[in-house]
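Colleague: Please show me the model. Then take me through what holds the chain together.

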Amino acid sequence: MAAPCPPRRPISAPCFLICFLLGFVAGLFPFAHRHLHLDLHLPLPPAPTAVMEPFRNPSPLPLPPPGDQSPLPPSRDPSPQPPPAPMATERKLLLVVTPTRARPLQAYYLGRLAHTLRLAPSPLLWLVVDDGAASRETAALLRGCGVMYRHLSSPDALQEPPQRTRSRQHNRVLQQNAALDHIEHHRIHGIVYFADESHVYSLDLFRHLRQIRSFGTWPVAMLAAGKSKTILQGPVCNGSRVVGWHTNEKTRRLRRFHVSMSGFAFNSTMLWDTRKRAHQAWNYIRLLDTVKEGFQETKFIEQLVEDETHMEGIPPGCSKIMNFHLHLEDKGLVYPKGGQLTKNLDVVIPLNHEVKHTHKFKPR
């Protein structure tokens, strides 16, 4: 038989009151959190700022005194420097036209001019025109010149009848017109300059050529035929304005413009754009082979400009001589075929022959 259960203890009033209060408070807690806006979250530490302070040099460099013009030391700023601004204007292309022919001093003349053009600022295009068909001798000289070039031929010279006697000046006109045909056909924009291979040029000339807008001219120093005096031929300038001409040749006073062939340059767009030249009626700007020798320059310039107001004198004041015409002739020299000799030139000079013709001078 199981033992009887012990009697229950009566619940005391304080315990009942405590449990009632706890339940009442727990029931009112959601309403109290909504109306009293209680924030039971703990405060968090402030987050670090994302803005970086500028780099400060712990040891700043001292500034130079006001009168000191010494350069400042390099900056330690690690930020990359902006790229340099591009040039506002590009250099104009120089179109240097040189007629040539096979003769004893051809290699010397072309080599000397090639060295000058190689030192001139780029871009530069050298148009070398042969008298007739393009020769192998000229092609061999141009391959190693170090200048951007185009080797042209003169087709008009090949079409001439062989029995017709032509002067050297007539052939040069055909060669220069062949270069102008090439420039106009390919629309090569630049400054056209006729540079004779036997002339001497200063590097300042090629620097001033790029300053020409439409037509420019300058004085040229020429050695007289007797090689006893120097003749100055070209413009007299007031600033960049042409006001007169240097000339003392009586036979050429009838010329309109007293300019040498190597004493002017012009913009190539004047060949095909009538708006760039004064005489818009001319459709074909070329050198004329029907005029008297010595008048080719002035007749050609008359097709480009109307008067001196359309010309630019370079440099300002026309105060520099930038090229020279020396009139070096090689008529007495023999030109071998192909520019080479098949046999060596061996010369033996006996010493006794030299002693025999020695002159003795006695003091007075």
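Predicted model: local features only at pLDDT ≥ 70, side-chain atom pairs only at ≥ 80, totals over all residues.

Colleague: How many of the residues of helix H7 are buried?

Modeller: Helices (H or I, at least four residues) and strands (E, at least two) are DSSP runs, numbered from the N terminus. Buried means under 20% relative accessible area, exposed over 50%, partly exposed in between (1.4 Å probe, protein chains only). H7 spans residues 296-304 and is mostly covered. The buried count is seven of nine.

Colleague: What covers the buried residues of H7?

Modeller: Those residues include Phe300, Ile301 and Leu304. Their cover includes one helix segment, 168-186, and strand segments 191-194, 215-217 and 264-267. By name, the cover includes H5, S4, S6 and S10.

Colleague: Which residue forms a salt bridge with Glu297?

Modeller: A salt bridge is a side-chain nitrogen of Lys or Arg within 4 Å of a carboxyl oxygen of Asp or Glu. Here the closest N and O atoms are 3.9 Å apart. Glu297 sits in H7, and its partner lies 42 residues away in the loop between strand S9 (241-246) and S10. That partner is Arg255.

Colleague: Is Arg255 buried or exposed?

Modeller: Glu297 has 12% relative accessibility, so Glu297 counts as buried. For Arg255 the value is 4%. Arg255 therefore counts as buried.

Colleague: Why does the pair Glu197 and Arg103 tie together parts apart in sequence, and how many residues apart are they?

Modeller: Their side chains meet in a salt bridge at 2.5 Å, N to O. Glu197 lies in the loop between S4 and strand S5 (200-201), and Arg103 in the loop between strand S1 (94-100) and helix H2 (106-119), so the parts tied together are 94 residues apart.

Colleague: Which cysteine does the disulfide join to Cys237?

Modeller: A disulfide is a pair of cysteine sulfur atoms within 2.5 Å. By this rule the count is one. The S to S distance from Cys237 is 1.9 Å. The partner is Cys318.

Colleague: Is that disulfide left-handed or right-handed?

Modeller: Look at the torsion about the S-S bond of Cys237 and Cys318. The torsion is about -50 degrees, so the disulfide is left-handed.

Key:
Residues numbered from 1 in each chain as written. Heavy atoms only, no water. Contact = heavy atoms within 4.5 Å.
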